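Trainee: I'd like a close look at how the strands pair up in this one. Could you walk me through it slowly?

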Amino acid sequence: MAGLKKITSALISVFHKENLDEIIKKLETLGIKIYSTGGTFKFIESLGVEVKSVESLTGYPSILGGRVKTLHPKVFGGILARRENEGDVSQLSEYEIPAIDLVIVDLYPFEETVASGASEQDIIEKIDIGGISLIRASAKNFKDVLIVASQDKYLPLFDLLNEKNGETSLEDRKIFAAHAFSVSSNYDAAIFKYFNPENESQERISLNNGSVLRYGENPHQQATFYKFRNSKTGASLSDAKVIQGKALSYNNMLDADAAWKSASDAFHSVSHIKNKVAVSVIKHLNPCGLAVTDDIMKSLELAWAGDPVSAFGGIICFTDTVTEEVAEWFSKKFIEIIIAPSFTEEALKVFNKKKNLRLLEIPVKPEITGEKLYRSVSGGMLVQDEDEGLENEFKNVTKIQFDSNKLNLTKFGLIACKHLKSNAIALVTENNDGSFWLTGAGMGQPNRLDSLRYLTIPRFNLKEGVNIEESVLISDAFFPFRDSVEAANEYGIKYIVEPGGSIRDDEVIEACDEYGIAMIFTGKRHFKH
């Protein structure tokens with residue numbers, strides 16, 4: 001086998017010692033000399049295995065409170081020496097530097113320390129210097145040295161030692177080196193982000209442990225899902241627990257994310273309902289149903305009624321525990337995914353009859369996450385803040401005053417509209433019991449007049465007993481012309497909400513006054529491309 005080399009000596013300095021004992025004993029069995037320092041040295045000694053201290057090799061103790069232990073030519077010379085280079089080998093002999101063939105090291109838990117809310121001084125002390133240097137040096141000299149750079153490589157190392165009896169091939173060493181550089185680059189990216197939180201001209205994205213999906217948007221496209229480590233909120237779709245069903249596809253993950261975000265945002269938008277439950281029904285990233293009531297079944301039925309045709313094969317998210325009654329309701333309906341904070345045992349028994357139905361457990365999304373949105377374009381990447389919160393002004397701009405009793409409904413409507421693809425129009429309605437639901441939605445059109453005429457109103461007209469004059473129409477962006485107001489008047493709409501900002505705002509306001517429509521400007525656009 002190409003580049004086969006025998007391990008004769010090893011340097012071990014690790015933070016995580018779980019599952020390390022078997023490796024240590026195997027190294028002893030193979031007659032490999034072990035060097036170590038600090039807590040790792042004591043751990044190896046406790047196993048009854050002979051070990052030499054790094055301090056005895058360098059002639060220097062650990063200094064500066066442990067900041068300097070392995071940074072010495074007698075350590076790095078033994079790692080970086082090129083075994084086929086006569087000059088390097090000669091200098092090893094001249095300066096009595098032992099060649100080191102295996103390095104096992106991991107890094108201080110920097111990301112975990114930041115996530116814990118520790119003080120800056122504690123965080124700074126978790127910036128590893130010696131460990132990262134050992135990793136880079138060993139990986140650079142992969143032709144001669146095997147580097148194990150994290151705990152998740154302990155088992156592969158143990159298998160390799162058993163399989164090849166202490167020898168490694170060039171291919172083995174290169175594979176481990178690649179992983180080592182992945183570890184070091186991710187570590188540096190995390191440190192950079194800590195020191196550079198607000199500089200928008202620079203960004204570092206480190207993606208690890210990708211899960212290969214069945215396919216991408218279409219079967220002929222490959223796709224991989226990468227999880228961001230240590231999200232700011234501790235809750236994200238990547239943390240969802242899959243408790244039933246086959247693996248999620250690329251499209252499933254996008255739709256599940258849209259369902260979770262829209263249901264959670266709707267939940268946070270409503271404050272007057274005690275024991276509130278939000279339900280979102282998603283199809284191709286758009287809410288075709290959204291409702292908030294004081295009862296999970298009521299919310300489900302209203303959300304489904306928003307557009308029962310589109311709901312077929314959709315993704316549904318609840319903000320409360322899914323019960324047996326809810327599960328039974330789906331018995332004759334086809335749904336791809338159901339998301340909820342939890343499911344009762346009885347509900348799971350019912351859902352178990354549908355083997356392909358995916359069930360995901362995840363808490364309600366926090367109102368503000370502070371996360372970034374990443375989107376690729378040809379030759380680059382766009383990064384923006386998540387469109388979060390409801391910090392809108394409500395400015396009455398028409399002669400007829402907007403009913404203040406409809407402001408809570410308006411807040412819910414803004415959330416519904418925000419989650420629709422532009423150009424977006426949402427019609428929202430309050431029932432006599434104070435519950436809110438999305439009664440008409442138009443999205444994804446090149447002009448908002450089409451969204452209103454051909455999508456929003458036809459969906460609303462399917463509803464029986466719903467008074468359009470008491471509903472509120474929300475637009476994600478300003479009306480560029482009065483034609484949308486004219487169309488709204490044709491259908492009997494009396495309340496309009498839009499951000500304003502058009503050069504023709506006066507014409508739009510004039511049209512509202514002409515038709516007796518109350519309108520407020522929010523001052524904030526909610527495009528979604």
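Trainee: To start with one spot, how many bridges join strand 5 to strand 6, and do the two run parallel or antiparallel?

Mentor: Keep in mind that what we have here is a predicted model. Strand 5, residues 102-105, is joined to strand 6 by 3 bridges, and the two run parallel. If you want a pair to click on, take L102, whose bridge partner in strand 6 is L146. Now zoom out a bit. The sheet around that pair is an open one of 5 strands, ordered 4-3-2-5-6, with parallel pairing. Its edges are strand 4 (52-53) and strand 6 (146-148), each of which pairs on one side only.

For the antiparallel way, go to strand 16 (residues 372-377) and strand 17 (residues 380-385), which are joined by 6 bridges. One of the residues to look at is K372, which has D385 in strand 17 as its bridge partner.

With strand 19 (residues 425-430), strand 21 runs antiparallel, and 4 bridges join them. There, A426 stands opposite I474 of strand 21. With strand 22 (residues 495-498), strand 21 runs parallel, and 2 bridges make the link. In that pairing L473 has I496 of strand 22 as its bridge partner. Look at the side chains too: along strand 21 (residues 472-475), V472 and I474 point one way while L473 and S475 point the other way, yet all of them are buried.

To finish, here's something from the surface. E324, E328, E345 and E346 form a negative patch. Helix 14 (324-329) and helix 15 (345-351) each supply at least two of the patch residues. Take E346, which is found in helix 15.

Technical notes: Residues are numbered from 1 along each chain as its sequence is written. This is a predicted model: local features need pLDDT of at least 70, side-chain atom pairs count only at pLDDT 80 or more; totals for chains, interfaces and linings use all residues. Side-chain values use heavy atoms; hydrogens and water are left out. Patches are made of residues with over 30% relative accessible area and no salt bridge: like charges are joined within 9 Å, nonpolar side chains (Val, Leu, Ile, Met, Phe, Trp, Tyr) within 5 Å. Accessible areas come from the Shrake-Rupley method with a 1.4 Å probe; for residues, only the protein chains shown count as cover. A salt bridge is a side-chain nitrogen of Lys or Arg within 4 Å of a carboxyl oxygen of Asp or Glu. Lys and Arg count as positive and Asp and Glu as negative; His and the chain ends are not counted. The place of a charge is taken as NZ of Lys, CZ of Arg, CG of Asp or CD of Glu. Two strands pair if DSSP finds at least two bridges between them. Buried means under 20% relative accessible area, exposed over 50%, partly exposed in between (1.4 Å probe, protein chains only).
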